[in-house]
Amino acid sequence: VQLQASGGGLVQSGGSLRLSCVASGNIFSINSMGWYRQAPGKQRELVAGIGSIGPPNHADSAKGRFTISRDTAKNAVYLQMDNLKPEDTAVYYCIVVLPQRTVWGQGTQVTVSS
């Protein structure tokens, strides 16, 4: 199983970006998908996650600004990021939680200038 993430880039404070991540390979079922981020000198942290049932969850730092969504038919997960702030600057990683293991994507850089 491989993950291909895209959509990162450079944006000014207050701007928006939409991250996409598509899973490919031998996928029979997906428990959940999500996004983490890691800023320089900081630990990797959960941004948002979405499962097969129940509402998605967003980190406090993301609530009201970021929205995670999922396209089950495409094995894809998206992260709409609005009102971006310089502190959102980080490498963003998508993950997919399979019944047997968790797979991480390669990361996409998001840089927010002030």
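Which residues do ring pairs link into a cluster?

Reply: Ring pairs link Tyr 36, Tyr 93 and Trp 104 into a cluster, where rings of Phe, Tyr and Trp (its six-membered ring) pair if their centres lie within 6.5 Å, and planes under 30 degrees apart count as stacked, over 60 as edge-to-face and the rest as tilted. Before going further, please keep in mind that this is a predicted model, in which local features need pLDDT of at least 70 and side-chain atom pairs count only at pLDDT 80 or more, while totals for chains, interfaces and linings use all residues. Residues are numbered from 1 along each chain as its sequence is written, and side-chain values use heavy atoms, with hydrogens and water left out.

By the ring rule, the count comes to two aromatic pairs. In one of them, the rings of Tyr 93 and Trp 104 have centres 6.4 Å apart and planes at 75°, so this pair is edge-to-face. Tyr 93 belongs to strand S9 and Trp 104 to strand S10 (residues 102–104), so that the pair links distant parts of the chain, 11 residues apart; strands are DSSP runs (E, at least two residues), numbered from the N terminus. Tyr 93 counts as buried at 14% relative accessibility, whereas Trp 104, with a relative accessible area of 37%, is partly exposed. Here buried means under 20% relative accessible area, exposed means over 50%, and partly exposed lies in between (1.4 Å probe, protein chains only).

A charge sits over a ring if NZ of Lys or CZ of Arg is within 6 Å of the ring centre and within 35 degrees of the ring normal. Elsewhere, Arg 18 lies over the face of Tyr 78, at 4.5 Å from the ring centre.

Strand S9, which holds Tyr 93, also holds Cys 94, and this residue is tied to Cys 21 in strand S3, so the pair joins parts that are 73 residues apart in sequence. The link is the one disulfide that the structure holds, with an S to S distance of 2.1 Å, and a disulfide is taken as a pair of cysteine sulfur atoms within 2.5 Å. With 50° about the S-S bond, the link is right-handed. Cys 21 counts as buried at 0% relative accessibility, and Cys 94 is likewise buried at 0%.

Note on methods: Helix = DSSP H or I, 4+ residues; strand = E, 2+ residues; numbered from the N terminus.
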